[in-house]
Amino acid sequence: SLKQTIKAKEIIAVKGIIFNIKAGKCIAIETRNSDTIKQAQKLGFVLVIQKDPKKGGMNVKARPDSNIILEPLYNAVLTMDQVGSWFYHNSGKMLINSSRKHHDKKPTPLKLSEMVALVKEIYR
């Protein structure tokens, strides 16, 4: 667990694509290490997008203390992605396309850059 946390911080520093929206600083990362989401949130990023390069799944998570609600993004993703299985969490803070628990979910064909562009458009 500690090794994953240390590795997550390294991945954020090296692979993270940092961008801004009205609510604050965001990051997009292509990695299999799901700890990067938690670590990025601890580093102050208000929104984190993580795409698994091997399985193709993508997760978008907003900090619980942010004013971001992901429902508009969810609706936009559903119109763009007719293949992937998406789950919108009722907290409004999580948009999930992959999970360690649910292996039957279809990964999204959306690229990380497409999701970043969509987030920038919706949350200017």
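The model is predicted. The protein holds four helices and six strands, and from the N terminus these elements follow the order α-β-β-α-β-β-α-β-β-α.

**Overall dimensions and packing**
- Along the principal axes, the C-alpha atoms occupy a box of roughly 35 × 35 × 25 Å.
- Of the 124 residues, 45% are buried.
- When contacts between residues at least 6 apart in sequence are considered, 47% of them link residues at least 24 apart.

**Surface and charge**
- The accessible surface amounts to about 7200 Å², and carbon and sulfur atoms account for 53% of that surface.

**Strand 4 and its partners**
- Strand 4 spans residues 58–62 and is mostly covered, with four of its five residues buried.
- Strand 3 (residues 47–51) runs antiparallel to strand 4, and five bridges join the two.
- These two strands form a hairpin with six residues between them. In the turn, G56 has a positive phi of about 90°.
- Strand 4 also pairs with strand 6 (residues 94–96), again antiparallel, through three bridges.
- V60 of strand 4 stands opposite I49, and the bridge partner of V60 in strand 6 is L95.

Definitions and conventions
Residues numbered from 1 in each chain as written. Predicted model: local features only at pLDDT ≥ 70, side-chain atom pairs only at ≥ 80, totals over all residues. Heavy atoms only, no water. Buried < 20%, exposed > 50% of the residue type's maximum accessible area, 1.4 Å probe, protein only. Contact = heavy atoms within 4.5 Å. Areas by Shrake-Rupley, 256 points an atom, 1.4 Å probe, with all protein chains shown as cover. Pairing = 2+ DSSP bridges.
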